Amino acid sequence: MKWVSYFLFLVFFSSSVFSVVSVEGIERVRQRTESASTPLSEADKAEIDKFILAALNDMFLSKTSEEITRTRRQLLVQKGTKDLSLYASTYLTQLREHLRTSAFEAIGRIEDAERRLMVRRNLIILVAELRSLLLVEFGLDRIEDPDAVIRFWSVKSLTRPSIAEQLNSEVTTNPEAAAQIYEKLQIVIAKEKQPEILSQVADFAAAWADDRAADLLGKLAGRRMEAYRTCSVRHEWLDGRILNALAEKYKAQRLPAEKAETARSFAELLAMVMQRLMQEKERPEGEKTLSEESVFQMITVLVETEERILPKLEIPAAGMKRIIERGEDLRPVFEELFGTESRRGTLRSQLGFEYSRDPAGGATAGPPTLPACPKPESGPAAG
């Protein structure tokens, strides 16, 4: 409690100007203990605590973004480079305690709104940069924050490749954290509007070796398909990231039923992209519903899928790029990939799945048909 009181005193009552945080003491501790196999002494812990308090105080007292960023980087550097060391564990545990008991709580008492936002952003960026399951609680609490920057870094703190690696490892896994991340990411998938945030979820789900990861990808693909069906889809580049994640997950799965579910999501999302583009190409001038940017993004998704993603699934190229470049009809390629009433299609045959059943519950020979979008009242929507 001594350090907490000191922290609050500095934050709310000090009028001193910004000062550089001394790192001499903690540098000595880190260099001496980072590779050690014995627990740190109480004196070493006190030196770590002293530095963390000084750095957090400095962030709260700083007047500019540059000053706050410089101190944030000091906090990151002093964690060290050996993530599994006793030093790093001690450092993160003590930092977590200060974030819990004083730092995040104290932010609300900063009167200047701009500086308050700067501190909030930098603290969650720090949490994400430290890449540790020990700190995921701070990201979990902020995934619905009104500020998009904070939401981005909150989700990043839960979805970095190193977090997936820690969850996948028998040494560092944390079942409770895994369950909490899964629950929160479902909220992100359902509510988040920023595609850059959703793309992080897709990448994480591809890397996380857990059955629940496939469920996250299925829900994410399902949300995108619903946007296509309701003519509300935007940021079409995101579908390339999701398709790639689904392909990676399919490759990693072992059970046939799980692979079939992932393959179906992959095929039906890809079919939505192709159908939407074909519909747009068939519309007369003056009745277009997509911006040039949206069309460009869809074409990019299809070409990259053919060149980079289908080879991962051992699916031969169907000639999409060539046909698009020539301005020809994509329908033959669509039928080759997805099938017709008389032919199963390459994806269905190669990946071993059945398409979603029709509303009456019957089996279907191809992917769901995408309804045509109504004629726009004004110009095409923005991409």
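Where is Arg-131 found? Arg-131 lies in the loop that joins helix H6 (113-130) to helix H7 (136-140), helices being DSSP runs of H or I of at least four residues, numbered from the N terminus. The model is predicted, with local features requiring pLDDT of at least 70 and side-chain atom pairs pLDDT 80 or more, while totals for chains, interfaces and linings use all residues. Residues are numbered from 1 along each chain as its sequence is written, and side-chain values use heavy atoms, without hydrogens and water.

The phi of Arg-131 is positive, near 55°, although the residue is not glycine. Arg-131 counts as partly exposed because its relative accessibility is 30%; buried means under 20% relative accessible area, exposed over 50%, and partly exposed in between (1.4 Å probe, protein chains only). Cys-231, in the loop between helix H12 (211-229) and helix H13 (237-252), also has a positive phi, of about 60°. At 23% relative accessibility, Cys-231 is partly exposed.

Arg-96 belongs to helix H5 (residues 86-107). Arg-96 is buried and forms no salt bridge, the nearest side chain of opposite charge being Glu-137 at 4.5 Å. A salt bridge requires a side-chain nitrogen of Lys or Arg within 4 Å of a carboxyl oxygen of Asp or Glu; for charge, Lys and Arg are positive and Asp and Glu negative, with His and the chain ends not counted. Leaving aside residues up to four places away in sequence, Arg-96 contacts (heavy atoms within 4.5 Å) Leu-134, Leu-135, Glu-137 and Phe-138.

In helix H9 (residues 161-168), the buried residues are Ser-162, Ile-163, Ala-164, Gln-166 and Leu-167. These residues pack against helix H8 (148-159), helix H10 (175-191) and helix H11 (195-207).

Technical notes
Helix = DSSP H or I, 4+ residues; strand = E, 2+ residues; numbered from the N terminus.
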